[in-house]
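Take a look at the model first.

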Amino acid sequence: MKFIILLIISGLFLNSCNCGADIKLGEFNLTETSTQFVPYSGKEILVFEDDKGVEHILKSKAGIDLMDSKMTVRTICDEGTFSKQYQYYETQREQIVFFDALGNQIFYVDLTTQFEDAGDLDSLAIYDFLMIDSGIDGNFNGRIEIITEERQNQVSSSHRNEFWNQSDFLGDTTIYGREFKGVFMSTTNEGKSIYYCKEKGVIAFRITDEEYWVLKN
């Protein structure tokens with residue numbers, strides 16, 4: 001009886017597998033313009049000094065992780081759970097994570113390629129996108145989001161406002177007594193912020209109105 005049931009299931013499965021292999025449309029490797037937004041090699045020892053003068057040392061355990069990825073843009077065949085066919089672009093993704101001396105994750109940096117769906121492939125807006133996510137003492141401390149380069153077509157203002165609106169560009173500014181160039185600041189977590197620039201990466205955390213960490217080295 002079990003054998004008959006398995007045959008029936010196998011038959012249904014085979015009959016549903018009508019979609020072909022996924023179709024690769026092209027490749028988008030991360031550009032030099034985009035990778036310059038990530039100044040880390042993975043071997044750094046980052047030293048942050050807090051408002052009380054205490055130093056916090058951050059290191060990456062695994063360094064930079066550069067991996068191949070798939071960006072699926074269309075489902076062109078859907079014959080059920082076991083049979084689907086997609087159109088995709090082959091892309092790259094670059095990530096690095098920094099931890100404190102106790103092994104707690106303090107922030108990670110994720111650079112990848114994404115797209116805005118405009119309805120057809122010719123109008124597809126493809127862009128490189130950087131996200132820096134942070135947390136201190138187990139609490140979310142802020143997120144930076146930057147479109148580092150538009151690769152194909154222009155990203156619409158509505159897409160920027162709807163999805164990538166968690167940070168502001170401050171430009172050259174002084175943060176906790178130290179000068180930095182081209183600074184981005186997270187904006188969506190009230191009372192907390194993270195600050196970032198191309199030249200040095202993460203440069204400061206505002207934990208409360210009175211508490212902060214600022215990059216020392």
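Which side chains meet in a salt bridge with 3.1 Å from N to O? They are those of glutamate 150 and arginine 160. A salt bridge here is a side-chain nitrogen of Lys or Arg within 4 Å of a carboxyl oxygen of Asp or Glu.

This is a predicted model, where local features need pLDDT of at least 70, side-chain atom pairs count only at pLDDT 80 or more, and totals for chains, interfaces and linings use all residues. Residues are numbered from 1 along each chain as its sequence is written, and side-chain values use heavy atoms, with hydrogens and water left out.

The structure holds 12 salt bridges. The table shows three of them, including the pair above.

| Pair | N to O distance |
|---|---|
| Glutamate 150 and arginine 160 | 3.1 Å |
| Lysine 84 and aspartate 78 | 2.9 Å |
| Lysine 216 and glutamate 55 | 2.4 Å |

Lysine 216 lies in the segment after S13 and glutamate 55 in strand S3, so this pair ties together parts 161 residues apart in sequence. Strands are DSSP runs of E with at least two residues; helices are runs of H or I with at least four, and both are numbered from the N terminus. Lys24, Glu27 and Glu90 are linked in a salt-bridge network.

Now for burial. Serine 34 is found in helix H2. Serine 34 counts as buried because its relative accessibility is 0%. Buried means under 20% relative accessible area, exposed over 50%, partly exposed in between (1.4 Å probe, protein chains only). Lysine 216, at 44%, is partly exposed. Glutamate 55 is partly exposed too, at 41%.
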